[in-house]
Amino acid sequence: MWAYGTGAGPIGALIVGIAATGATLTVGQFTFTFVRPVWARLAVALLFAAPASVAGYHATHGLATLAVPSVGWQIAFSIVGAIAVGIAAWLRLLAMAPPEPAMRGVARG
């Protein structure tokens, strides 16, 4: 939106969007691969899963407005959709994290 608003046009905005997406994905994967603290991995996962939840809410709400006449039920379905998409995004992000290295010299019983 910023690139389009500054006069880049639709093609320029698309190129800037693709570049920003690639950079974001690269930084996220780098963080998951090389950063050891669990809190940093959880923070990155939250940064990716929170917008996914918002998108899930709006996508579900758009479908619910077409199929459900009650506004209360539309919102209820939208919240369920947001939770489902957020959990799916969270699990996918945590699944791509490399496993913790095994502790050396510790006897296992």
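Q: Which residues of α2 are buried?
A: This is a predicted model, and α2 is a helix of 26 residues. A residue counts as buried when its relative accessible area is under 20%. In α2, the residues that are buried are Gly-12, Gly-28, Thr-31 and Phe-32.

Q: Against which helices do the buried residues of α2 pack?
A: From the N terminus on, the elements of the protein chain run α-α-α-α. The buried residues of α3 pack against α2 and α4, and those of α4 pack against α2 and α3. For the buried residues of α2, the packing partners are α3 and α4.

Q: Is Thr-31 buried or exposed?
A: Thr-31 is found in helix α2. Not counting residues up to four places away in sequence, Thr-31 touches Ala-40 and Val-44, both of which are among the buried residues of α3. The relative accessibility of Thr-31 is 13%, and the limit for a buried residue is under 20%, so Thr-31 counts as buried.

Q: Is Leu-14 buried or exposed?
A: Leu-14 is found in helix α2, which covers residues 9-34. A residue counts as exposed when its relative accessible area is over 50%. Because Leu-14 has a relative accessibility of 52%, Leu-14 counts as exposed.

Q: How many Å apart in space are Leu-14 and Met-1, C-alpha to C-alpha?
A: In sequence, Leu-14 and Met-1 are 13 residues apart. In space, their C-alpha to C-alpha separation is 9.4 Å.

Q: What span does α3 reach from its first C-alpha to its last?
A: Helix α3 covers residues 38-67 and has 30 residues. At 1.5 Å a residue, a span of 44 Å is expected for α3. The span in the model is close to that value, at 42 Å.

Q: Which residues of α4 are buried?
A: Helix α4 has 25 residues and reaches 36 Å from its first C-alpha to its last, close to the 36 Å expected. The buried residues of α4 pack against α2 and α3. These buried residues are Gln-74, Ser-78, Gly-81, Ala-82, Gly-86, Ala-89 and Leu-93.

Q: Which residues form a nonpolar patch on the surface?
A: Val-71 lies in helix α4, residues 71-95, and counts as exposed because its relative accessibility is 52%. An α-helix has 3.6 residues a turn, so residues three or four places apart point the same way. The patch has about 540 Å² of accessible area together. Its members are Val-71, Ile-75, Ile-79, Ile-83, Ile-87 and Leu-91.

Q: What share of the accessible surface of the protein chain belongs to carbon and sulfur atoms?
A: Of the 109 residues of the protein chain, 19% count as buried. The accessible surface of the protein chain comes to about 8,000 Å². The share of that surface belonging to carbon and sulfur atoms is 76%.

Q: Which element of the protein chain has the highest mean pLDDT?
A: The mean pLDDT of the protein chain is 85, and 88% of its residues reach 70 or more. Among the elements, helix α1 (residues 2-5) has the lowest mean pLDDT, at 86. The highest, 92, belongs to α4.

Terms used. Residues numbered from 1 in each chain as written. Predicted model: local features only at pLDDT ≥ 70, side-chain atom pairs only at ≥ 80, totals over all residues. Heavy atoms only, no water. Patch = residues over 30% accessible without salt bridge, like charges linked within 9 Å, V, L, I, M, F, W, Y side chains within 5 Å. Areas by Shrake-Rupley, 256 points an atom, 1.4 Å probe, with all protein chains shown as cover. Salt bridge = Lys/Arg side-chain N within 4 Å of Asp/Glu carboxyl O. Helix = DSSP H or I, 4+ residues; strand = E, 2+ residues; numbered from the N terminus. Buried < 20%, exposed > 50% of the residue type's maximum accessible area, 1.4 Å probe, protein only. pLDDT = per-residue confidence, 0-100. Expected span 1.5 Å × (residues − 1). Contact = heavy atoms within 4.5 Å.
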